[in-house]
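Please prepare a briefing on the helix packing, the nonpolar core and selected loop residues of the structure shown below.

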Amino acid sequence: NALSDAEKSGAVLFFGRANCVRCHQVSGSSNEMFSDFREHVIGVPQVAPSFGNVVFDGPGRNEDFGLEQVTGREADRYGFRTSPLRKVALQPTFMHNGAFVRLEDAIRHHLDVNASARGYSPRDLAPDLRGTTGPIEPVLQRLDPLLRAPLLLSDAEVADLVAFVGNGLLDPDAQP
């Protein structure tokens with residue numbers, strides 16, 4: 001009774017057909033954090049603030065090269081560590097740069113990265129992040145093989161997956 005029926009259905013998808021557990025692991029060194037703590041290229045839209053004290057990468061200064069900034073290796077470009085999912089529902093934004101403000105949108109991005117990234121709009125972001133996004137095609141060229149093919153889920157299945165990730169992995173005592 002710890003999970004609702006929707007959360008249980010979402011868990012079955014998470015650990016089964018949706019294969020989220022491949023990167024959001026729950027065994028070994030992950031310490032039950034729902035992360036493999038490895039870097040992956042998942043096609044996150046390139047969002048850069050219109051002003052600030054951070055210098056971004058690329059010729060237009062509107063890209064985030066990710067792990068390459070640390071290693072200096074071009075092969076690591078656009079790689080970011082898999083975010084842990086425990087208590088993820090408490091986050092105000094999702095992805096390393098806050099490109100998504102709704103958990104459902106972040107999950108749908110994983111289901112069809114190419115369509116999501118190419119159709120992305122920063123309209124829901126804070127005003128200073130609504131400018132022109134950086135180039136996405138170089139990011140998609142490096143996309144993790146696990147995310148290259150779309151995964152077709154019904155709206156009900158997506159809702160169940162959101163219920164599991166958002167509510168099933170949330171400790172009620174963690175809420176403010």
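The axes of α3 and α6 come within 10 Å of each other and cross at roughly 120 degrees. That angle makes α3 oblique to α6, because angles under 35 degrees count as roughly parallel, over 145 as roughly antiparallel, 65 to 115 as roughly perpendicular and the rest as oblique. The model is predicted: local features need pLDDT of at least 70 and side-chain atom pairs count only at pLDDT 80 or more, while totals for chains, interfaces and linings use all residues. Residues are numbered from 1 along each chain as its sequence is written, and side-chain values use heavy atoms, with hydrogens and water left out.

**Helix packing**

- Helices (H or I, at least four residues) and strands (E, at least two) are DSSP runs, numbered from the N terminus.
- Axes are lines fitted to C-alpha atoms, for helices over the stretch in contact, and angles run from 0 to 180 degrees between N-to-C directions.
- α3 passes α6 in a right-handed crossing; a crossing is left-handed if the near helix is turned anticlockwise from the far one by less than a right angle, and right-handed if clockwise.
- On the α3 side, Leu103, Glu104, Ile107, Arg108 and Leu111 meet Asp155, Val158, Leu161, Val162, Val165 and Gly166 of α6, where contact means heavy atoms within 4.5 Å.
- α1 and α6 pack with their axes 7 Å apart, at an angle of about 100 degrees, which means that α1 is roughly perpendicular to α6.
- In this contact, the residues of α1 include Ala6, Gly10, Leu13 and Phe14, and those of α6 include Glu157, Leu161, Phe164 and Gly168.

- Val158, Asp160, Leu161, Val162, Ala163, Phe164, Val165 and Gly166 are the buried residues of α6, and they pack against α1 (5-15) and α3 (103-111).
- Buried means under 20% relative accessible area, exposed over 50%, and partly exposed in between (1.4 Å probe, protein chains only).
- The largest nonpolar core has 41 residues, and Phe14, Leu161 and Val165 have the most contacts inside it.
- At least two residues of this core come from each of α1, α3, α4 (113-118), α5 (137-141) and α6, and the largest share, five residues, is from α6.
- A nonpolar core is a set of buried Ala, Val, Leu, Ile, Met, Phe, Trp, Tyr and Cys residues joined through side-chain atoms within 4.5 Å.
- Leaving out residues up to four places away in sequence, Leu161 touches Gly10, Leu13, Phe14, Ala18, Cys20, Ile107 and Leu153.

**Loop residues**

- Phe34, in the loop between α1 and β1, is not a glycine but has a positive phi near 60 degrees; Phe34 is buried at 9% relative accessible area.
- Tyr78, in the loop between α2 and β2 (80-81), has a positive phi of about 70 degrees although it is not a glycine, and Tyr78 counts as buried at 4% relative accessibility.
- Most residues other than glycine have a negative phi.
- Asn62 lies in the loop between β1 (39-40) and α2 (68-71) and is buried, with a relative accessible area of 18%.
- Leu146, in the loop between α5 and α6, is partly exposed at 42% relative accessibility.
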